[in-house]
Amino acid sequence: MPRIFDTLTARILPDDRIVTVKGRDAWALRNLVSAGPVGCTPIDQPGPRWAHYVFKLRRSGLIIETIEEKHGGPYAGTHARYVLRTQVEVVEERGRAAA
């Protein structure tokens, strides 16, 4: 069953600074950590406001690269791939099961 992460606490390495994020920001950080160097796209991990979550995570001190990628289909264009470049260690996740 999928989890909704209400709070995620991570240690930024190597300086050991602690960052705690909540709600969708925690969800986005969990996805970025899980994706590793491949990164995340709003196409693969649908979320309503990926750019805003990334903006807020960057404001917390995390380095997240944005790579612009082209896609085809009836609505051809570009989309972003977000890659977490800061090394982090997840310290704690608090959440609940999704309904």
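In the predicted model, strands β3 (residues 64–71) and β4 run antiparallel and are joined by eight bridges. Within this pairing, K70 has T78 of β4 as its opposite residue. The two strands form a hairpin in which five residues separate β3 from β4. The turn of this hairpin includes G73, whose phi is positive, at about 95°.

The largest nonpolar core consists of 21 residues, and the members touching the most other members are L29, L32, W50, L57, L62 and I64. At least two residues of this core come from each of β1 (3–12), β2 (17–22), α1 (23–35), α2 (50–59) and β4 (77–84). Helix α1 provides the largest share, with five residues. In soluble globular proteins, nonpolar side chains tend to be buried together.

The surroundings of L29 were examined with neighbours within four places in sequence left aside. On this basis, L29 is in contact with L8, A10 and V21, and also with L57, L62 and L84. Of these partners, L57 and L62 are, like L29, among the core residues that touch the most other members.

Strand β1 also contains T7. The relative accessible area of T7 is 10%, so this residue is classed as buried, the cut-off being under 20%. When residues up to four places away in sequence are not counted, T7 touches T20, V21, K22 and A26, together with E92, E93 and R94.

Technical notes: Residues numbered from 1 in each chain as written. Predicted model: local features only at pLDDT ≥ 70, side-chain atom pairs only at ≥ 80, totals over all residues. Heavy atoms only, no water. Core = buried A, V, L, I, M, F, W, Y, C linked by side-chain atoms within 4.5 Å. Buried < 20%, exposed > 50% of the residue type's maximum accessible area, 1.4 Å probe, protein only. Helix = DSSP H or I, 4+ residues; strand = E, 2+ residues; numbered from the N terminus. Contact = heavy atoms within 4.5 Å. Pairing = 2+ DSSP bridges.
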